[in-house]
Amino acid sequence: MPSAILDARDLHGLGWWLICETLGGNVDRGTASVVVSAMRILANLDAPPADTAALQQETELRARLMHGLPPRTDDEWALAGRLFTDEAVEEMRRWDEPGASGP
C-alpha cells in the first residue's frame, strides 16, 4: 500500500486501493473485511481538531462572549465574523460602544 494514503489519512484512497487489491487477488477477503470495518469506524468519528491553538482561541472568544465581553483584537473580531452571523457580530459591536452594558 502506498504510504501516502496512510500518511494523509485518506479513507477514499484507501477504499479504492483496497478494492483494486482485493479484486486483483492481492488482499484476501477476510483482511479486506477487517479493513472496511475499521474504515467505517473512522468515517463515523468526529474529526480531530486540526489546530489546537485555533480551538483555544475559539474557546477563549466564546468565554468572553458568554460574559458579555466583546472581542478585544482584530483577530478576535475576524474569528467572530467567521463563527457568527452578521447580526450577532453587529450586536457584539454594540457591546463595545462607550457606555454599553453588554447583552
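Modeller: Let's start with a term: a salt bridge here is a side-chain nitrogen of Lys or Arg within 4 Å of a carboxyl oxygen of Asp or Glu. Keep in mind that this is a predicted model. By that rule, the count comes to five salt bridges. One of them joins glutamate 58 and arginine 62, with their closest N and O atoms 2.9 Å apart. Both sit in helix α4, and because they are four residues apart, about one helical turn separates them. As a general point, side chains of opposite charge can pair when their charged atoms come close.

Now for the neighbour. Helix α4 covers residues 52-66 and helix α5 covers residues 74-83; their axes come within 11 Å and cross at roughly 90°. The two helices are therefore roughly perpendicular to each other. On the α4 side, the contact takes in Gln57, Glu58, Leu61, Arg62 and Arg64, while α5 brings Glu76, Leu79, Ala80 and Leu83. Sorted by type, the residues of this contact are four nonpolar, four charged and one polar.

Note on methods
Residues are numbered from 1 along each chain as its sequence is written. This is a predicted model: local features need pLDDT of at least 70, side-chain atom pairs count only at pLDDT 80 or more; totals for chains, interfaces and linings use all residues. Side-chain values use heavy atoms; hydrogens and water are left out. Axes are lines fitted to C-alpha atoms, for helices over the stretch in contact, and angles run from 0 to 180 degrees between N-to-C directions. Angles under 35 degrees count as roughly parallel, over 145 as roughly antiparallel, 65 to 115 as roughly perpendicular and the rest as oblique. Contact means heavy atoms within 4.5 Å. Ala, Val, Leu, Ile, Met, Phe, Trp, Tyr, Cys and Pro count as nonpolar, Asp, Glu, Lys and Arg as charged, and the others, Gly among them, as polar.
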